[in-house]
Amino acid sequence: MKQVRRTLPRLLRLLALTALLGTGAAQADDYTEITQLIKAGKPADALAKADQRLAANPRDPQLRFLRGVAQADSGKPADAITTFTKLTEEYPELPEPYNNLAVLYANQNQLDKARTALEMAIRTNPSYATAHENLGDIYAKLASQAYNKALQLDATNANSVKPKLALIRELFAPEAAGKPGRPAAAAPATAPAVVATQRPAPPAAVAPAPAPTPATTPTPIPASAPTAAPAPAPAIAQAPTPAPAATPAAASDAAAVQAVTSAVQAWAAAWSAKDMQAYLGAYDKSFDPPGRQTRSAWEKEREARIVGKSKINVQLSDVTVAVNGDKATARFRQAYTADALNVTSRKTLDLVNHNGRWSIVRESTGG
């Protein structure tokens, strides 16, 4: 396997959330202007612009996020940590502020704090690939510290420990470093659209796929002898051939798709209504909570996040369902609104059928 050489500060990058959905033109211009100043290496100007805009919109999470990026690039890590910490407290659904805290903690060699922040980012969004990659590098740095400690305590382990240290040092060789000790502010092309002020269209109904029409094999026409052609026969009107009836298997699949769609819509409705019994009841007993949580701890955390909101609205659109026996996968776009937070994302639910009831066994965001 080809190894990629990189340093921790460069890999643990700060993300600027600039891919907006339905944002007003003025707001989008503000975000773009601040982001361009950061990318141009003018963090002080970006910070001044963010503070100016925040005076009129002090709770705007996008502006506050960009302010944290500008603070970090201006050499104010303590201020940036305060900014991102407050964002995690007020918007725990967003994984990016946790990732940025990990960047700042890693640059201060507070690897345990960086690990905890990344684990929270992954708990919030199990499909957040950047956090998974960054967490792997944190583990590698922690392993390096542990191996060094092992050598200090017992030099007889050198034959087994030194090759491992060499691999880790090669992984973090300085050749790929940009500016050591300082995180890079970047706006990735695939950054998720996190802040949205416009709700998507109401969920579209999923139409069952039509039954396939059996293919027919044309009958070959034999070659005729070179004889005189007979007089044409009078035309005879024929009744149209009726379309083949749907097979029982196709009808069953269509019913299963409709049942899964109804189960997913009911799950979203229970979430919107803050009906915890119906919401938690949508999950199967075999559901695997993210972040190595127990089922009980996950349920308590979900209840605290849901019941604690004054109002929640969850809308689904672009729903597609695939059924394979007693298993199904539902993919859709989810628009989540809670108090001042608006988040639009792609989500996937895996479901199983128990005695005619479809329940969720796994959920993931993104993709």
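## How α6 crosses α7

In this predicted model, helix α6 passes helix α7 in a left-handed crossing. By class, the residues that make up this contact are 11 nonpolar, 2 polar and 1 charged.

Let's look at the geometry. Helix α6 covers residues 96-107 and helix α7 covers residues 111-124. The two pack at an angle of about 165°, and their axes lie 8 Å apart. Angles over 145 degrees count as roughly antiparallel, and α6 and α7 are therefore roughly antiparallel to each other.

Who meets whom? On the α6 side, the contact is made by Tyr98, Asn99, Leu101, Ala102, Tyr105 and Ala106. Facing them from α7 are Leu111, Lys113, Ala114, Ala117, Leu118, Met120, Ala121 and Thr124.

Over residues 95-128, the chain is 76% helix and 0% strand.

## A four-stranded open sheet

Further along, we come to strands. An open sheet of 4 strands runs in the order β3-β4-β5-β6, with antiparallel pairing. Strands β3 (312-324) and β6 (357-365) stand at the edges with a single partner strand each, so one side of each has no neighbour in the sheet. From one strand to the next, the twist averages 25°.

Within this sheet, strand β4 (residues 327-338) pairs with strand β5 (residues 341-354) in the antiparallel sense, over 12 bridges. For a handy landmark, find Thr329, which stands opposite Asp350 in β5.

Terms used: Residues are numbered from 1 along each chain as its sequence is written. This is a predicted model: local features need pLDDT of at least 70, side-chain atom pairs count only at pLDDT 80 or more; totals for chains, interfaces and linings use all residues. Side-chain values use heavy atoms; hydrogens and water are left out. Axes are lines fitted to C-alpha atoms, for helices over the stretch in contact, and angles run from 0 to 180 degrees between N-to-C directions. Angles under 35 degrees count as roughly parallel, over 145 as roughly antiparallel, 65 to 115 as roughly perpendicular and the rest as oblique. A crossing is left-handed if the near helix is turned anticlockwise from the far one by less than a right angle, and right-handed if clockwise. Contact means heavy atoms within 4.5 Å. Ala, Val, Leu, Ile, Met, Phe, Trp, Tyr, Cys and Pro count as nonpolar, Asp, Glu, Lys and Arg as charged, and the others, Gly among them, as polar. Two strands pair if DSSP finds at least two bridges between them.
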